[in-house]
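Okay, thanks for coming, everyone. Let me put the structure up on the screen and then walk you through a few spots in it.

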Amino acid sequence: MVLRARTSSTGEELSDRKRPLKTDALVLSLITMMVLALASGAPEAQTASPQAPAPASTPVVLEPCAIDPAVDGPWLGTVAAFEHFDMGRSHLFRCASFGGRFDGRNDASYTRLPETYVTPYNIVTGAGGARFVYAGAYGDFPNVPGSFVAKIDAAGKELWRRQLFDARAHPRSWNYPGVVGLHRNGFVYVVYGTALSKLSPSTGAVLATVKLPTIGASADTAYNGFDGFADGDLVMKAVSRAAGCQEQGFSAFLKCPHPTAVPHSVIAVVNPNTMTLVAKVEAPEFIGGRLTTTRYHGKDLLYLMGGTSIFRYIWNGRDLQLDKAWGPIPYLKRGQTAAPAAAIMGDWVVAQTNGLPGDTPLSLVAARQSDGKFMSTQPFAKRKLGEGTLGAKSFLPSMLTVDAPNGRIYVMDGGQGLVAAISFDRQTGTMRELWRAKQRTLNFSTLIGSKSHRVFLATDIGGPCPRMICLQRYNKEVIVFRNAATGQEIARSSALPKMTSGALLTPGERGVIYYLGLAGSIYQVTVAAR
């Protein structure tokens with residue numbers, strides 16, 4: 001693959017910042033892409049052209065890794081104790097290594113773990129080679145059992161399994177994905193439905209459960225946003241399906257009558273040690289994406305990407321206060337849709353728009369935490385979008401990835417089939433394109449390796465997609481490994497069964513990457529010098 005470096009314009013003030021946009025179809029559009037991604041189909045993903053040689057062949061040396069609660073939050077000091085590594089959702093797994101060479105002379109191989117976990121959503125790493133898998137909650141996939149957590153060893157052998165919600169026994173309750181994480185206190189925490197449970201890492205026993213608050217009916221509500229503050233408290237966000245609707249999983253947002261007639265999201269904070277509800281607040285609107293936390297100048301902050309504006313809350317250890325002095329900040333251009341989530345980039349909070357299909361090319365947006373200064377650029381603005389509801393759109397249902405130490409942001413457009421690295425000036429907010437390549441995914445991207453030898457990895461569906469309907473018809477993906485500084489492809493896996501939508505390529509120890517197959521197979525992928 002030949003990559004051509006291109007330079008984009010610098011960041012600019014958003015021209016229509018003062019014109020909030022109406023997005024009554026937000027809930028309907030959200031998950032439309034998730035449903036597309038979950039649908040199975042016949043054609044196999046096409047692979048890209050042969051890789052070109054990389055400019056360097058220096059072996060990767062992993063820098064020492066330490067967990068800083070003020071930056072990383074309440075998560076355990078392992079390679080991947082939280083789905084996005086840190087509370088700022090950087091996707092920079094700085095404790096993870098790359099086993100290959102930067103000159104591109106690598107082979108990627110994989111092994112399938114022995115157990116099957118239908119619709120695995122995320123996997124986290126514990127001490128002594130332990131792995132904890134959360135699965136079973138994509139309710140619109142056939143024969144899903146409901147939310148459960150399983151512990152496996154480094155070889156994939158199951159040590160225990162804890163069923164937390166029995167979907168077959170409660171067919172009228174909404175089965176929708178939560179998430180699992182490992183707290184620095186050593187316990188396993190999993191949010192599912194309207195509950196948060198604390199599990200023993202050694203036995204899987206449920207030590208305590210907190211019932212989380214709802215506005216609508218509990219059977220129609222699910223908590224999916226999950227993060228924590230530097231003080232150790234855990235914070236979660238609820239979403240709802242239309243009252244009385246019996247559609248399951250992501251299909252509830254597409255097929256329920258009046259899918260936009262849902263309550264505002266609820267944000268709940270829980271003390272993980274006492275397992276008590278510390279605070280709750282109703283968000284200004286329905287929030288479809290994840291929430292993001294950070295500690296900035298001694299203050300614990302929480303960011304929400306709303307339908308048209310960025311909201312910020314201040315956490316004082318007792319309650320959440322909407323920061324009206326900082327925001328809300330409008331961030332969309334006309335024809336764009338809401339961002340899936342924000343990431344922290346030093347003094348800035350950044351996001352990419354079009355988490356759902358947009359008629360306007362996506363924007364990379366940044367708001368300064370100190371004063372709310374807003375910057376925006378459109379890395380793929382020159383791409384012509386398709387016509388009509390089935391034409392190619394601009395979107396990525398998963399969020400961007402950031403590398404604050406290197407001043408780089410990685411954006412992808414699943415509709416347009418493009419990936420780009422953007423240089424971000426943390427002083428001025430100026431943005432400049434470093435490289436771009438053709439690659440199509442609907443999932444999160446990941447960064448591993450040391451600061452001087454970063455590796456960027458994401459899946460690739462492959463092939464042209466002139467109409468959105470083609471995203472229903474793939475059933476294979478490959479993993480592409482790139483030199484994060486140059487975009488040069490340095491390794492590529494063979495085709496694997498379709499990955500769970502909204503999942504992340506998760507690092508393990510000694511260069512292992514976990515790939516979560518939608519149908520239940522989990523693969524360990526490794527890269528080694530040829």
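**A sheet, a hairpin and some salt bridges**

So, let's start with strand E22, residues 364–368, which is joined to E23 by 4 bridges, with the two running antiparallel. Strands here are DSSP runs labelled E, at least two residues long, while helices are H or I runs of at least four, and both are numbered from the N terminus. Two strands count as paired if DSSP finds at least two bridges between them. One example: Ala367 has Phe374 in E23 as its bridge partner.

Before I go on, this is a predicted model, so local features need pLDDT of at least 70 and side-chain atom pairs pLDDT 80 or more, while totals for chains, interfaces and linings use all residues. Numbering starts from 1 along each chain as its sequence is written, and side-chain values use heavy atoms, with hydrogens and water left out.

Back to the sheet. It's an open one of 4 strands, in the order E20-E21-E22-E23, with antiparallel pairing. At the edges sit E20 (343–345) and E23 (374–377), each pairing on one side only.

Move on past E23 and you reach Phe380, in the loop between E23 and strand E24 (401–403). Is Phe380 buried or exposed? Its relative accessibility is 1%, so Phe380 counts as buried; the cut-offs are under 20% relative accessible area for buried, over 50% for exposed and partly exposed in between, using a 1.4 Å probe and protein chains only. Leaving aside neighbours within four places in sequence, Phe380 has contacts (heavy atoms within 4.5 Å) that include Leu362, Val411, Leu418 and Arg436.

Next, the hairpin. Strand E15 (residues 292–296) has 4 of its 5 residues buried, so the rest of the structure largely encloses it. E15 runs antiparallel to E16 (residues 299–305), and 5 bridges join them. There are 2 residues between these strands, and His297 in the hairpin takes a positive phi near 50 degrees.

Arg295 and Asp300 form one, at 3.0 Å from N to O. Arg295 is partly exposed at 35%, whereas Asp300 is buried at 7%.

How many are there in the whole structure? The search finds 19. Another is Glu83 with Arg290, at 3.3 Å. Glu83 sits in the loop between H3 and E1, and Arg290 in the loop between E14 and E15, so the pair ties together parts 207 residues apart in sequence. Both residues are buried.

Notes: Salt bridge = Lys/Arg side-chain N within 4 Å of Asp/Glu carboxyl O.
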